[in-house]
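Hi,

Here is the structure I promised to send over. Have a look at it first, and then read on for what I found.

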Amino acid sequence: MITLFFIVSTVQADEFDHVHLKGLVHLYSKGVIEASKKDNIDYLKPIITEKRGKKLFIWFKSWHENNYFMDARIKNIRFNSFDIKESTAEVVTDEIWDYRYIQIVTKEVSQPWTRVFYTIHYKFVKEGKSWKIDDALILSEKQTPLEKLRK
């Protein structure tokens, strides 16, 4: 009976972690879009480590210093694998994004809508009882202008 309880609680804990990690990936993706427009990562801080925050800050600053921001839409996120340990986790996704770059001052589109197919490897760490995204590594990326997809 004790063994059955342990197995059931382990499955429930794993399922909880899967759902939680999926939610963090979705929040992170939407947060990256908003942060890139506003050049502010503050509202991402509860779900990312300081290390990840520094990388995002540098990434957004490089766009803004060249007077651009990224406008994007997430079309799909498919979760391929989970590797959850006690205090670390790794998740691999296939993601489809549409994005374009816009001039900050003139609001002119400098790059038209492009569809991007990503495979991303997320690394998580557990801080207390909460998971945080520590890194997001692009394993593969394929870009196609949307006009070509419509033909």
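**A buried threonine, a sheet and a helix**

Threonine 119 counts as buried, because its relative accessibility is 18% and the cut-off for buried is under 20%. Bear in mind that this is a predicted model.

Where does threonine 119 sit? Its place is in strand S3, residues 109–127. Its side chain makes a polar contact with the side chain of aspartate 94, at 2.8 Å. Leaving out residues up to four places away in sequence, threonine 119 touches several others, including Val92, Leu137 and Ser140.

Now zoom out to the sheet. It is open, with four strands in the order S1-S2-S3-S4 and antiparallel pairing. S1 (68–84) and S4 (130–145) are at the edges with a single partner strand each, so one side of each has no neighbour in the sheet. From one strand to the next, the twist averages 20°. S3 and S4 run antiparallel and are joined by 14 bridges; arginine 115, for example, stands opposite threonine 144 in S4.

Then there's helix H2 (residues 50–65), which lies across S1, S2 and S4, at about 40° to S4. Which residues of H2 are buried? They are Arg52, Gly53, Leu56, Phe60, Trp63 and His64. These cover an arc of only 100° around the axis, so they are on the same side of H2. The face turned away from that buried side carries the exposed Glu50, Lys54, Ile58 and Glu65. Just after H2, asparagine 67 takes a positive phi of about 65°.

Cheers

Terms used. Residues are numbered from 1 along each chain as its sequence is written. This is a predicted model: local features need pLDDT of at least 70, side-chain atom pairs count only at pLDDT 80 or more; totals for chains, interfaces and linings use all residues. Side-chain values use heavy atoms; hydrogens and water are left out. Helices (H or I, at least four residues) and strands (E, at least two) are DSSP runs, numbered from the N terminus. Buried means under 20% relative accessible area, exposed over 50%, partly exposed in between (1.4 Å probe, protein chains only). A polar contact is a pair of N or O atoms within 3.5 Å; within protein, one must be able to donate a hydrogen and the other to accept it, and residues adjacent in sequence count only if both atoms are side-chain atoms. Contact means heavy atoms within 4.5 Å. The arc is that of the directions from the helix axis to the C-beta atoms. Two strands pair if DSSP finds at least two bridges between them. Axes are lines fitted to C-alpha atoms, for helices over the stretch in contact, and angles run from 0 to 180 degrees between N-to-C directions.
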